[in-house]
Amino acid sequence: MFKGKISFYKNVDGKEDRIEEEFDDPRNYREFIAKHPELRFDYFEVPAFGNLWSVLDDIIDRRFRLRMDDAENPASQTLALPEGVRLDEYEKELQKIEAEKAEREASKKSLQEAGNRLKHYISKFKEAGNSEKAEQARKDLEKVEEKLKWL
């Protein structure tokens with residue numbers, strides 16, 4: 001005989017929904033779990049007696065791993081710093097600098113690609129005898145090259 005019940009809360013767009021379901025059939029239980037990926041954890045599955053210890057070991061290992069992660073956390077290592085020394089401020093500033101650098105590199109690459117495409121368009125328009133579009137593309141190319149100088 002199978003008997004199961006799941007009850008949990010789900011936050012959807014700031015509104016808290018309570019979801020509760022009872023099961024008499026293992027097939028219905030598995031279908032419910034499949035529809036709710038947030039419930040797919042080993043310890044929510046109904047264990048057979050053969051793997052009950054492995055499920056318990058997994059839960060213990062996860063808890064132990066969380067404690068180990070806390071011990072390796074940089075915030076716990078900064079407790080011995082003198083008052084007023086805030087490494088997190090430096091870390092945030094460094095991340096900001098690296099993000100700006102990555103953004104500049106992406107912009108530079110994008111501008112270079114645009115410049116290459118504009119050069120291609122200019123040559124194709126000249127071949128086709130469309131000097132008006134070629135001149136417009138040349139002016140745009142000058143703008144792109146000017147912006148590249150500043151990066």
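Rings of Phe, Tyr and Trp pair if their centres lie within 6.5 Å, and in this predicted model the structure holds three such aromatic pairs.

Q: What makes Phe23 and Tyr29 an aromatic pair, and which kind of pair do they form?
A: The two ring centres are 5.5 Å apart and the planes stand at 85° to each other; because a pair needs centres within 6.5 Å and an angle over 60 degrees counts as edge-to-face, Phe23 and Tyr29 form an edge-to-face pair.

Q: Which residues do ring pairs link into a cluster?
A: The cluster consists of Phe23, Tyr29 and Phe32, which are linked by ring pairs.

Q: Are Phe23 and Tyr29 buried or exposed?
A: Phe23 and Tyr29 are both buried, so each has under 20% relative accessible area; of the 151 residues of the protein, 13% count as buried.

Q: Why is helix 4 called roughly antiparallel, rather than roughly parallel, to helix 5?
A: Helix 4 (residues 87–128) and helix 5 (residues 131–149) pack at an angle of about 160°, with their axes 9 Å apart; since angles over 145 degrees count as roughly antiparallel, helix 4 is therefore roughly antiparallel to helix 5.

Q: Which residues make the contact, and what is its make-up by class?
A: Helix 4 contributes residues including Leu111, Leu118, Ile122 and Phe125, while helix 5 contributes, among them, Ala137, Leu141, Val144 and Leu148; by class, the contact of helix 4 with helix 5 has nine nonpolar, two polar and eight charged residues.

Terms used:
Residues are numbered from 1 along each chain as its sequence is written. This is a predicted model: local features need pLDDT of at least 70, side-chain atom pairs count only at pLDDT 80 or more; totals for chains, interfaces and linings use all residues. Side-chain values use heavy atoms; hydrogens and water are left out. Axes are lines fitted to C-alpha atoms, for helices over the stretch in contact, and angles run from 0 to 180 degrees between N-to-C directions. Helices (H or I, at least four residues) and strands (E, at least two) are DSSP runs, numbered from the N terminus. Angles under 35 degrees count as roughly parallel, over 145 as roughly antiparallel, 65 to 115 as roughly perpendicular and the rest as oblique. Contact means heavy atoms within 4.5 Å. Ala, Val, Leu, Ile, Met, Phe, Trp, Tyr, Cys and Pro count as nonpolar, Asp, Glu, Lys and Arg as charged, and the others, Gly among them, as polar. Rings of Phe, Tyr and Trp (its six-membered ring) pair if their centres lie within 6.5 Å; planes under 30 degrees apart count as stacked, over 60 as edge-to-face and the rest as tilted. Buried means under 20% relative accessible area, exposed over 50%, partly exposed in between (1.4 Å probe, protein chains only).
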